[in-house]
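Welcome! Please take a moment to look over the sequence and the 3D view below, and then we can walk through the structure together.

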Amino acid sequence: MKQDTLWSLVGSAAAVAASMMARKAADKAYRHEVGETPPEDPDEPDVEWRQALLWGASTGVLVGVARVVGRRAGREVMHRAPRVGKRKGVLPRLKR
């Protein structure tokens with residue numbers, strides 16, 4: 001497997017996993033602070049503008065930050081992986 005393809009897979013998987021964890025953390029924080037479930041659909045008439053905007057902005061920021069952190073962590077793993085593979089023979093096919 002080529003290094004670019006492997007990085008694309010690892011980086012994407014790390015970003016998706018980090019985004020999912022951030023979304024769950026935001027959901028728990030909203031429930032703790034507001035005392036109710038976050039709005040699932042901001043278009044519903046019973047959702048106030050303030051709630052919809054706060055939920056959208058907070059989840060957008062958290063998921064964006066988590067994606068960057070996930071991709072950076074994935075790149076760090078990829079950067080260190082060939083050295084581990086050379087020393088212990090764990091990843092011998094990475095050089096193709």
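## Reading the model

A patch, as the word is used here, is made of residues with over 30% relative accessible area and no salt bridge; like charges are joined within 9 Å, and nonpolar side chains (Val, Leu, Ile, Met, Phe, Trp, Tyr) within 5 Å. This is a predicted model, in which local features need pLDDT of at least 70 and side-chain atom pairs count only at pLDDT 80 or more, while totals for chains, interfaces and linings use all residues. Residues are numbered from 1 along each chain as its sequence is written, and side-chain values use heavy atoms, with hydrogens and water left out.

## Charged patches

Lys and Arg count as positive and Asp and Glu as negative, while His and the chain ends are not counted. The place of a charge is taken as NZ of Lys, CZ of Arg, CG of Asp or CD of Glu. Accessible areas come from the Shrake-Rupley method with a 1.4 Å probe, and for residues only the protein chains shown count as cover.

Which residues form the patch of positive charge on the surface? They are Arg67, Arg71, Arg72 and Arg75. Arg67 belongs to helix H2; helices (H or I, at least four residues) and strands (E, at least two) are DSSP runs, numbered from the N terminus. Arg67 has 44% relative accessibility, so it counts as partly exposed; the scale runs from buried (under 20% relative accessible area) through partly exposed (in between) to exposed (over 50%), with a 1.4 Å probe and protein chains only.

A patch of negative charge also sits on the surface, made by Glu40, Asp41, Asp43, Glu44 and Asp46. Asp46 is placed in the loop between helix H1 (3-34) and H2. Asp46 counts as exposed because its relative accessibility is 60%.

## The salt bridge

How many salt bridges does a search of the whole structure find? It finds 1, where a salt bridge is a side-chain nitrogen of Lys or Arg within 4 Å of a carboxyl oxygen of Asp or Glu. The partners are Arg31 and Asp27, whose side chains meet at 3.3 Å, N to O.

Both Arg31 and Asp27 lie in helix H1, 4 residues apart, which is about one turn of the helix. Arg31 is partly exposed, with a relative accessible area of 43%, and Asp27 is also partly exposed, at 21% relative accessibility.

## Along helix H2

Helix H2 covers residues 49-88, and Thr59 is found there. Is Thr59 buried or exposed? Its relative accessible area is 9%, so Thr59 is buried. A polar atom of the Thr59 side chain lies 2.8 Å from the backbone oxygen of Trp55. Such a polar contact is a pair of N or O atoms within 3.5 Å; within protein, one must be able to donate a hydrogen and the other to accept it, and residues adjacent in sequence count only if both atoms are side-chain atoms.

Val61, Val65 and Val69 make a nonpolar surface patch of about 270 Å². Val65 has its place in helix H2 and is partly exposed, with a relative accessible area of 49%.

Ala66, in helix H2, counts as buried because its relative accessibility is 11%.

Ala26 lies in helix H1 and is buried, at 6% relative accessibility. Ala26 and Ser58 are 32 residues apart in sequence and 7.6 Å apart in space, C-alpha to C-alpha.

Val77 belongs to helix H2 and counts as exposed, at 52% relative accessibility. Val77 and Gly11 are 66 residues apart in sequence, with 9.5 Å from C-alpha to C-alpha in space.
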